[in-house]
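Dear colleague,

I am handing over the structure below. My notes on it follow; please read them with the model open.

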Amino acid sequence: MAEPLKYFFNPEFVSGLASGIKEVHAPFDAIGFQQAVLDDQWEQRELKERMRHITVCLGAFLPHEYPEAVGILMKMAHELSDFPAMVLSDFVEIYGLDHLDLSLDALELFTQSASAEFAIRPFIVKYEKETMGRMLDWSKHENHHLRRLASEGCRPRLPWAMALGIYKKNPALILPILENLKDDPSEYVRKSVANNLNDISKDNPETALKLGQAWYGKSERTNWIVKHGLRTLLKNGNDTALKIFGFKEKVNAAVSGLSLSDEQVQMGNTLHFSFDISNLDRSSSLLKVGFVVGYMKANGKVSEKIFHITEKEFGAGQRVNFHKKLSFKDLTTRKHYPGGHYLSIIINGVPMARGEFELTTA
């Protein structure tokens with residue numbers, strides 16, 4: 001079983017961080033810093049709490065003047081890498097908001113060790129024009145970490161981060177950045193561009209579709225971005241999105257024999273289900289097959305979640321049988337609640353057959 005992410009921040013990391021600072025700034029109280037970080041509440045803190053606690057301790061033990069303090073961290077930044085190095089960007093987010101140019105220089109350096117996607121967002125809110133101008137420059141940078149930050153940092157709905165309401169309303173300033181990155185050679189960058197486009201599609205679907213229509217067919221890399229970026233609209237059966245990828249406007253297919261393994265499923269167990277799909281056309285048809293689950297929530301309402309199964313060409317008159325399963329083990333991203341649930345098979349976003357079942361505690 002994988003260890004929780006909070007163990008990225010462990011005593012060894014704290015010791016290494018203290019040593020690295022001590023090497024470039026001799027007055028730093030390395031022992032006192034470690035003792036302050038690894039206090040009696042350390043074990044109880046979760047991932048983001050540990051990072052923020054380290055940041056606050058850095059603020060207490062580094063020089064109180066921000067330019068001097070961040071300069072010290074910039075000198076030793078090469079000593080850190082991977083996820084824990086995000087503490088350096090977190091320091092900029094907490095203490096550097098009144099020092100725009102210096103802080104953006106620091107984030108430009110720090111993001112090359114660990115992404116500054118969270119730390120950049122308060123700067124976008126406070127200094128939108130200046131920060132987005134710098135990010136536009138980063139979108140043309142030779143370093144792929146900076147190009148990725150240019151996209152990831154301005155995602156309107158970045159998970160685990162403050163939402164950017166200004167770009168949920170109007171993503172206009174994001175678009176030139178995505179234009180620069182729509183055929184990026186780095187998969188790391190392309191994934192971010194696709195996720196940004198998907199964020200935009202949730203609040204401004206017409207804008208996302210316009211980009212998709214303009215980009216699709218330019219290259220294989222761009223095609224992948226468009227398909228992944230419009231995934232929510234595709235799952236929801238948006239006609240324009242489906243047309244971009246060659247799906248027919250009207251579905252001439254049928255679902256038959258939908259069978260659920262149980263009428264009652266105990267939480268933690270798995271529901272098995274099967275069904276047939278028949279292409280009723282006289283010619284082959286590209287069909288996108290998925291299913292929707294109606295999950296009972298804590299408030300007694302039902303929330304739908306769409307799952308993708310396959311996207312394939314069905315021959316004229318072809319019939320295909322599917323066997324699938326759905327787990328009801330709790331996840332960090334989904335908690336299950338007892339009550340009535342349903343499962344609906346969808347083709348090109350259109351519901352075709354539905355079954356109902358009860359989720360129980362015992």
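**Aromatic pairs and the strands around them**

F8 is partly exposed, with a relative accessibility of 38%. Please keep in mind that this is a predicted model.

F83 is also partly exposed, at 28% relative accessibility. What is the geometry of the rings of F8 and F83? Their centres are 5.4 Å apart and their planes stand at 35°. That angle falls between the 30 degrees below which a pair is stacked and the 60 above which it is edge-to-face, so the pair is tilted.

Which parts of the chain does this pair tie together? F8 lies in the segment before α1 (11–24). F83 lies in the loop between α4 (66–76) and α5 (86–95). The pair therefore links parts that are 75 residues apart in sequence.

The rings of F273 and F275 make another pair. Their centres are 6.3 Å apart. Their planes are at 10°, so this pair is stacked. Are F273 and F275 buried or exposed? Both are buried. They also belong to one aromatic cluster, together with F291, F307 and F322. The count of aromatic pairs comes to 14.

Two lysines sit over rings. K305 lies over the face of F307, at 5.9 Å from the ring centre. K335 lies over the face of Y337, at 5.9 Å from the ring centre.

Now for strand β3, residues 270–279. How many of its 10 residues are buried? The number is 8, so the strand is mostly covered. Its partners are as follows:

- Strand β1 (residues 253–260) pairs with β3 in the antiparallel sense, over 6 bridges. A253 stands opposite N279 of β3.
- Strand β6 (residues 319–327) also runs antiparallel to β3, and 9 bridges join them. Here N321 of β6 is the bridge partner of D276.

Last, the whole chain. It has 16 helices and 8 strands. The C-alpha trace spans about 80 × 50 × 30 Å along its principal axes. Of the 362 residues, 47% count as buried. The chain exposes about 17800 Å², and carbon and sulfur atoms supply 49% of that area. Among contacts with a separation of 6 or more, 67% come from residues 24 or more positions apart.

Best regards

Conventions: Residues are numbered from 1 along each chain as its sequence is written. This is a predicted model: local features need pLDDT of at least 70, side-chain atom pairs count only at pLDDT 80 or more; totals for chains, interfaces and linings use all residues. Side-chain values use heavy atoms; hydrogens and water are left out. Rings of Phe, Tyr and Trp (its six-membered ring) pair if their centres lie within 6.5 Å; planes under 30 degrees apart count as stacked, over 60 as edge-to-face and the rest as tilted. Helices (H or I, at least four residues) and strands (E, at least two) are DSSP runs, numbered from the N terminus. Buried means under 20% relative accessible area, exposed over 50%, partly exposed in between (1.4 Å probe, protein chains only). A charge sits over a ring if NZ of Lys or CZ of Arg is within 6 Å of the ring centre and within 35 degrees of the ring normal. Two strands pair if DSSP finds at least two bridges between them. Contact means heavy atoms within 4.5 Å. Accessible areas come from the Shrake-Rupley method with a 1.4 Å probe; for residues, only the protein chains shown count as cover.
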